[in-house]
Amino acid sequence: MRFSRVLLLLSGLLLTIPASAAAVPLRAGEHLGQELAGEQLPLWPAGQVPGETGTARPARVVERSDDPAHPDRFIDQVDAPYLLVHTPARANGRALLVIPGGGYQRVVIDKEDSALVQEWVDHAGYTLFVLRYRLPQAGRDRQAALADAQRALRVVRDQAARRRLDADSVSVMGFSAGGHVAARLATGFDAPVYPPRDAIDRLSARPARAVLVYPVIDMGAHAHSGSRGRLLGEQPDAALAAQYSMQQHVRADMPPTLLIHANDDRVVNVHNSEVMAQALAKAGVEHELHLFAHGGHGFGMRMPPDSTLAVWPLLAQRWLQATEAAH
């Protein structure tokens, strides 16, 4: 109990973020939408989300597309984080925690969630647990997203036996700012960022493997300015930027890591994946870096079928299967 009070006090003193909790007005062309159908698993016991007080707002789903065949939704106002589960008809026994991007402003739904289902769930047989994580806002601990990711990995492990999944091979895949959250999990899986709630928190939060797709890594010279501004403030000092630059926190006991990026990414510079690969090599961590000439940013599963980029899901699946050889 004493440890919990100290942890919460430190969180409040050191990690409060400069952002607004007010609902962001809808932009032209946006309208309220529907969350994906499917099973939802709450991360935390009701009313026990670390650092949150008061009544949780309903999560808001916003649609940016007028074409029903090509939805483009995101979710924000996440006060009570949860997992959306995609279960295959023929499971391969492996679970994957998916963390979509959105620049720490939103959590995208389609390109990095629903678009995964056909290839990853229906065809390859993965059980996907897609994370709806907390976003920066005034008074919220900067480590909230990491706390949610740690808890999510533990919840998936807790669910593994009843779903006939291999708890030891649970891996994480993050996109863009979600790649930053996944990298934070891969490097900080044992960081004490929230007080334990129940028996689930005795489980390891270390992923077996980490897949980082066009990830935000650096918070310095090559940072994605939007992600950095929302998480750290517009002008973070060098120490704060270093604390959240994931290449500076690579450790020898972190999971093997796969990096996927396009050289022509004009949103999150390819330097992010390159410096992460350099740090992984220096630390002796098993890794692969795949750079594609074309693809830009945010391609998710929407790639031209005749492009070299279209092979990235198969590369990632083959690489994830290497967990079987490791245990």
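Student: What makes S5 and S8 a pair in this predicted model?

Tutor: Two strands pair if there are at least two bridges between them. Five bridges join strand S5 (residues 82-86) to S8. The definition asks for at least two, so S5 and S8 count as paired. They run antiparallel. Within this pair, Leu83 stands opposite Leu131 in S8.

Student: What joins S6 to S8, and in which sense do they run?

Tutor: Four bridges join them, and the strands run parallel. Leu97 has Phe129 in S8 as its bridge partner.

Student: Which residues of S8 lie on each side?

Tutor: Thr127, Phe129 and Leu131 are on one side. Leu128, Val130 and Arg132 are on the other. All are buried, and both faces are covered. In a regular strand, side chains alternate between the two faces of the sheet.

Student: How do you know that helix H4 is largely enclosed?

Tutor: Eleven of the eleven residues of H4 (residues 177-187) are buried, so the rest of the structure largely encloses the helix. The buried residues include His180, Arg184 and Thr187. Also among them are Val181 and Leu185.

Student: What covers the buried residues of H4?

Tutor: The cover includes strands S6 (95-99), S9 (171-175) and S10 (210-213). It also includes helices H3 (144-160), H5 (225-232) and H7 (271-283).

Student: What makes S1 and S7 edge strands?

Tutor: They belong to an open sheet of four strands, with the order S1-S3-S4-S7 and antiparallel pairing. Strand S1 (31-32) and strand S7 (107-108) each pair on one side only.

Student: How do you know that S4 and S7 pair?

Tutor: Strand S4 (residues 73-76) and S7 share two bridges in the antiparallel sense. The cut-off is at least two, so they pair. Phe74 stands opposite Val108 in S7.

Student: How does the radius of gyration of the chain agree with a compact globule?

Tutor: With 327 residues, a compact globule would have a radius near 20 Å; the chain has 18 Å, which agrees. The C-alpha trace spans about 55 × 50 × 45 Å along its principal axes. Of the 327 residues, 55% count as buried.

Student: What share of contacts joins residues at least 24 apart?

Tutor: Among contacts between residues at least 6 apart in sequence, the share is 82%.

Terms used:
Residues are numbered from 1 along each chain as its sequence is written. This is a predicted model: local features need pLDDT of at least 70, side-chain atom pairs count only at pLDDT 80 or more; totals for chains, interfaces and linings use all residues. Side-chain values use heavy atoms; hydrogens and water are left out. The radius of gyration is taken over C-alpha atoms; the globule rule is 2.2 Å times the number of residues to the power 0.38. Buried means under 20% relative accessible area, exposed over 50%, partly exposed in between (1.4 Å probe, protein chains only). Contact means heavy atoms within 4.5 Å.
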